[in-house]
Amino acid sequence: MLVSMSESTNFFSRAQGSVEVAARFAELHPALENTAAVTESQRCLYCFDAPCTAVCPTHVDVPKFIKKIASGNLEGSARSILDANILGASCARACPVQVLCEGACVMHRYNKQPIEIGRLQRFAMDALHASGDPLPFAPGADTGSRVALIGGGPASLACAAELRRRGVKAEIFDARPLPGGLNTYGIAEYKLPLAESLREIDLLAQLGVEFHFETVVDAAKLAELEASYDALFLGMGLGGIHKLGVVGESLQGVTNALDFIAGYKSGTIHAAPARVAVIGAGNTAIDAANAAVRLGASEVHMVYRRGSEQMSAFAFEYEHAREAGVKFLWHVMPVGVAGTTHVHGLELAHMETMEDGSLAPKPGETFMLAVDLIVVAIGQATHTEFLDRMPAQDGDKVRLERGRIVIDRETGQTSNPKYFAGGDCVNGGREVVDAVADGKRAGIGIAAWLAGQRQKSQKPAGGDDANA
Amino acid sequence: MPTLETTFAGIRCMNPFWLASGPPTNCGEQIMRAFDAGWGGAVWKTIGAQVTNVSSRYSSIDWNGQKIMGLNNIELISDRPPTVNLREMAEVKHRYPKHVVIASLMVESRREAWHEIVQRAEDAGADGLELNFGCPHGMNERGMGSAVGQVPEYCEQIVGWVKEKARTPVIVKLTPNISDIRLPARAAKHAGADALSAINTINSITGIDLETLEPRPNVDGKSSHGGYCGPAVKPIALNMVQQVMSDPLASLPMSGIGGIGSWQDAAEFMLLGAGTVQVCTAVMHYGYRIVEDMGDGLLAWMRRKGYESISDFRGLSLPKMRDWQHLNLNYKVVAQIDEAKCIGCELCYTACWDGAHQCIHLDRTLAAPDTTRTPAMVAAESSRRISTTPIAKLDLNGDGVSGRDVTPLERIPRVEEEHCVGCNLCSLVCPVPECITMQRVDTGLLPQTWAERVEAGDGAGSEGVGKCAGS
């Protein structure tokens, strides 16, 4: 299915959330009211070479957009944000600001209260959305070049926006029925509602980004795309969540965090059973545990084979889960799932640290946790095997390292010059803002590379080609 | 124990805090509440031929979230009949005999008119008279207010008429809307005035509504220039008070006015010679209750400084003001940044580069000091840097962000002391108290002023025309 610019996209109207879920997932950080936003913006010191900007992967000029809120220039504020980060609206909500801009705020060393940068950014972006105005950028003059982008997540969206601003045609191919990837389907609803992700993408569609939905790109499809596009951007993210590898894993009531989160966000899951165990201790595991609580579970356990000090979730996320009433089982590992057709228990073994530092279950000591739902969140596998199967010539292979695509950080270019990449499939799984930054650099990189290619092809034969 | 009791031009005052003539002193009921709150005196809203006021009347300037940095008004003198004002004045004096009530007066420029109003005010029990020669709007169009204050001859004539009649001290309120405030002050003194008060409000337009293009305050789509007051005018008022008080031909007991709202403001006016201070805008903003801290704070400061009464410190800063030509050219200070206090905002850096003398640098982590690296180069380097979100327990040791409480050395600016001219700007923009201080350095030279240098015959040729920082 191709949705072109000429058709009315309006993804926002196709969001199918349930009212019940929406009520249970009230915003963690509600919008700032106008006076509050102005007052907060006036508190910003307007640092030079501001640390909040430097630490932001997309380098949003934070003091600049904040001072524009203070001066009442909301239009300019939104433009300042979008110029650096085309997904400024979702990043304002989804970013772990505590370890990014707000974590870097000099106010920590002044009066201890950092500027609420995330909420201010959202304020400026909400104002743009409320105005009904399009993005404050026009597509560049058509260069005739076309780029296919694999995956419709933040990396591809950001890349596509840069390409459109430079007059390059950008077509996104995604397996799902709606765009946005994890931005749409994977962020906790109390941070970024699905509909808000779609609203933002509607503006990108207005910029001329085209979408092909429900299109799975495998090696054959990729070869087909390679033949008909001038360059390709790989932004397909990661693959499925790892399996537990224990008996009973295929019983009903065992799911993974991504399916669970996508399910409640898109309206196919409306409630959680009473007893839920989430396996893993990363940020996604926390999101799943918090969701289970909000969906009505009365007892939610997080199960992790190491201690709290080793968990990969941000400290503030851990706090959030504790406040939500999630219980933690440390130093235990699932060794089996009990049940007949439906899960009714999770068998756990206590872990001990061996002399060499590795972890091993204590022999003979297992116990049963009664559960109705098990949500696995022990990290995602990579999803790059199809690249290895590409019928590429020697030296044209897209180089991988531990399943991740290797790129030049500044341009996003892979070892095959026609292929660029960014986002989770490159960095192994970081934040939306990291994917946007990757996509932005790649979009600029692709446009520059394409301009070079066009220049080459215009030169008389026997010129530069001799050096190629 | 220090005391706030003082005597001003012969008037005994329980404290030096008076309400200035204006909306807070519009009627007797207000003034009695003000006295209950602790005000030592009140200058009654100017009494004269009854006027009609417009609606609306005030407008203001807010700054970075602070309301009323400056206030503007186009209200005229009292719009109540003089008989009502004077009847209430008598009642106030009857009920508050120890409090000071000053009658502010403004009538047409006729000897008989002035004689009559003086008589009536004194009969009502006024402790003194304040001649309003300052009102800059409306009344001046009728030949009164600043129309008098701006012409020393008129000023002298009317003060003369008033002094013929008055039995109580006569205070002349000066307008700042004049090139040299000393001239009407000298005229008033020459005519026998007992005291001065300064300043009245400054001609102003506070702003324009950018939707309607109508200036504020709006009276049926039109506006008129009004009198500006409030915190923004304090520096102007201090300067004018000092000019008058340093001039032997002009100086008289001075009641300081202009942006006063705290005990510090009051102390500053007194250090430049004021014997009492008058407050209006701050009360319009926060109410009569502010006087409590003005007294409390001033007494605490007096205790710390060892002053027993206001006369112990009144005017002590006057000898510390002098013409520029008598400043020591061989005195030198340089900025010093306390690295332990610096939060790394780099406001001093950008201020010094763009607004001063390019002597603060970001080179502490470079191999060698680099005074040629411009702000644009610093910003460009940052924009090229690739940043990623830290993953807890992988990229960070600790609870989220490393060093959030410690300023990275690369963000702490460095002052190139050799180049620092000691302008103060960095210390003024620094948001952290005591972080940037100006330290005296020994130039090894004896003090020398411009005047001395000219007298000695050197310097005039090489730097005959001084550069003006403000131009």
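Strands are DSSP runs of E with at least two residues, helices are runs of H or I with at least four, and both are numbered from the N terminus. The peptide bond from Ala198(B) to Ile199(B) is cis, with omega near 10 degrees. The model is predicted: local features need pLDDT of at least 70 and side-chain atom pairs count only at pLDDT 80 or more, whereas totals for chains, interfaces and linings use all residues. Residues are numbered from 1 along each chain as its sequence is written, while chains are lettered from A and ligands numbered from 1 in the order in which they are written.

**A cis peptide bond joins Ser55(B) and Ser56(B).** Its omega is about 5 degrees. Ser56(B) belongs to the loop between β4 (41-47) and β5 (58-63) of chain B.

**His59(A) and Glu346(B) have positive phi values, although neither is a glycine.** For His59(A), in the loop between α3 and α4 (62-70) of chain A, phi is about 55 degrees. His59(A) is buried, with 21 other C-beta atoms within 10 Å; a residue is termed buried if 20 or more other C-beta atoms, placed from the backbone, lie within 10 Å of its own. Glu346(B) occupies the loop between β15 (332-337) and α11 (347-355) of chain B, and its phi is near 65 degrees. Glu346(B) is likewise buried, with 24 other C-beta atoms within 10 Å.

**The largest nonpolar core holds 168 residues.** Such a core is a set of buried Ala, Val, Leu, Ile, Met, Phe, Trp, Tyr and Cys residues joined through C-beta atoms within 7 Å. Among the members that touch the most others are Phe233(A), Val278(A) and Ala288(A). Helix α18 (residues 432-458) of chain A supplies the largest share, 10 residues. A second, separate core of 94 residues includes Trp18(B) and Leu298(B).

**Strands β10, β11 and β12 of chain A form an open sheet in that order, with antiparallel pairing.** Two strands pair if DSSP finds at least two bridges between them. β10(A) and β11 (residues 343-353) of chain A pair over 7 bridges. Gly339(A) stands opposite Val343(A) in β11(A).

**Chain A meets chain B through 35 residues, in contact with 33 residues of chain B.** Contact requires C-beta atoms, placed from the backbone, within 7 Å. On the side of chain A, α3(A) gives the most, with 3 residues.

Technical notes: A residue is buried if 20 or more other C-beta atoms lie within 10 Å of its own, exposed if 12 or fewer, and partly exposed in between; C-beta atoms are placed from the backbone. Two residues are in contact if their C-beta atoms, placed from the backbone, lie within 7 Å.
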